[in-house]
There are 2 protein chains.
Amino acid sequence: MPPDLNLRVLPRTVQQETVDKLRLAIFSGVFEPGSRLVESQLCVQLGISRPSLREALRSLAAERLIEIIPNRGPSVTQLTWDEVNAIYEARELLEVEAVGRCSRQITPAELRKLEGALAAFEEAAASNDGLARITTAAEFYSIILANCGNPILEEIHRGLVARISLFRSRSMSQEGRAMSSLAEMRDIFDAIAAGDEKAARKASKTHVLKAKAATKQSLQQAG
Amino acid sequence: MPPDLNLRVLPRTVQQETVDKLRLAIFSGVFEPGSRLVESQLCVQLGISRPSLREALRSLAAERLIEIIPNRGPSVTQLTWDEVNAIYEARELLEVEAVGRCSRQITPAELRKLEGALAAFEEAAASNDGLARITTAAEFYSIILANCGNPILEEIHRGLVARISLFRSRSMSQEGRAMSSLAEMRDIFDAIAAGDEKAARKASKTHVLKAKAATKQSLQQAG
DNA sequence: GATTGAAAGAATGTCAGACAATCGGGTTGA
DNA sequence: TCAACCCGATTGTCTGACATTCTTTCAATC
């Protein structure tokens, strides 16, 4: 049997592009958490019809990025600190497990990709581009999760990180946090590269806990 | 000020009811995994319009209960064994954690509810009602997850269990499995009631692993 | 006879427009 | 000041339509 050349790209629909645009807009802080998303305005801004927009909104609601209250319509999800804390706890559970598995089974090629992602984050951390920091950090995690051998963990983790991003869209721009975050991520990388699962798990746990603490702190000083 | 009787029911929309109906239909095995859901047929059967139906389908797709392929439409998700295995692994991670937390902090009132749920499952296990088994077992887990102190774990776990249900809708009807499942669940309950976190976690892990093994076995004998 | 090609049918993706139900806010009246 | 009422704004839902795309069937050719 010849190799399966199943490279056929799935056609992208307007619906999917709309979801992506809206998600990016929410992450970028175009819409404040808690602000309402008026359908009639959005479909003009996006150049699509209301039915298509509503389908996209259902997808975002399922991701918990927006909330749709009957007869009041969609609004950007506004998380309380308790909820953020719960998300961080779940993330810790998954991420520590994924990092541990990753340290056992990552391939050299993927390890090099991970090293590259770490370098990219280092660069972003030195810059002032807040969005670049989030993007490059997400890429770093993404590679780890993609190499943990369990696509479900990857999927859930992606959702959790997205929801956290909701919360810290602007607050993550603190200078100090990026630098210590870099150090923690380097610890994770080193442990994975050394194949030291125990150290990898520990470094991962430390990283998530510190990220949580930083988020909490930035929240409190913001009010 | 009188106590806040915030019992006001959120108005349920046709959309939500449609999602519930379809979800139940999928779980009940009305639609075979892999079978296509033709929009024009469904909206006649459900008595709603196509736009409303499509919104409901987007929600189900986000839950991964159905897949929507561009220009081919929705079909019931068909899981491979590898995917089911990955879901069970994730479920183990979450459920063990939740059971452990629950054993530390469940209230006496909730513990009684849990006991009642266990009794209900016992009754269902003795009967031949496959759907009742799934329902009562789900209720048992639901109470545990609701008392783990982390609503996010609860939410994710619910999604995972739903996806597993997708797979075993008819295969879970084995007689022997329900009985041993009951014994395992009783172990979990006893450990929680005793406040013995270590035993609770161990019992939970055993339960998930055995459930996974049973699923695998029933899959293999089915072909 | 097998393979290729085209055409017809079916289903989806998307849109426009419309209308009732509901919510929120502002006004009015007591 | 507070309560009731009314009105604009917004959502929930429907009907109908059309272009695009996929699948399948059927005919033609090698």
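This is a predicted model: local features need pLDDT of at least 70, side-chain atom pairs count only at pLDDT 80 or more; totals for chains, interfaces and linings use all residues.
Close-up 1. Let's start with the make-up of the surface near DNA strand C: its residues split into 8 nonpolar, 8 polar and 4 charged. Who gives the most? It's α3(B), with 3 residues.

**Close-up 2. Where chain B touches chain A.** Here 24 residues of chain B are in contact with 24 residues of chain A. If you look at the chain B side, the elements giving two or more residues are α3, α4 (81-105) and α7 (151-168). The top contributor on that side is α4(B), which brings 7 residues. As for the kinds of residue on this side of chain B, you'll find 14 nonpolar, 4 polar and 6 charged.

**Close-up 3. How the two copies are related.** Take chain B, turn it by 180° with a shift of 0.0 Å along the axis, and it can be laid on chain A with an RMSD of 0.0 Å. The two copies are thus related as by a two-fold rotation axis. To find the axis from the chain B side, look for B:E55: its C-alpha is the nearest to the axis in that chain, at 2.5 Å. Both copies also use the same surface, as 100% of the contact residues of chain B recur in chain A.

**Close-up 4. Two helices packing inside chain A: α4 and α7.** Now we stay within one chain. Helix α4 (residues 81-105) of chain A packs with helix α7 (residues 151-168) of chain A at an angle of about 145°, and their axes are 10 Å apart. The crossing of α4(A) and α7(A) is left-handed. On the α4(A) side, the residues that take part are A:V84, A:I87, A:A90, A:R91, A:L94, A:E95, A:E97 and A:A98. They meet A:L153, A:I156, A:H157, A:L160, A:V161, A:R163, A:I164 and A:F167 in α7(A). Sorted by class, this contact between α4(A) and α7(A) holds 11 nonpolar, 1 polar and 4 charged residues.

Conventions: Residues are numbered from 1 along each chain as its sequence is written. Chains are lettered from A and ligands numbered from 1 in the order in which they are written. Axes are lines fitted to C-alpha atoms, for helices over the stretch in contact, and angles run from 0 to 180 degrees between N-to-C directions. Helices (H or I, at least four residues) and strands (E, at least two) are DSSP runs, numbered from the N terminus. A crossing is left-handed if the near helix is turned anticlockwise from the far one by less than a right angle, and right-handed if clockwise. Two residues are in contact if their C-beta atoms, placed from the backbone, lie within 7 Å. Ala, Val, Leu, Ile, Met, Phe, Trp, Tyr, Cys and Pro count as nonpolar, Asp, Glu, Lys and Arg as charged, and the others, Gly among them, as polar. Copies are superposed by least squares on the C-alpha atoms of residues with pLDDT of at least 70 in both.
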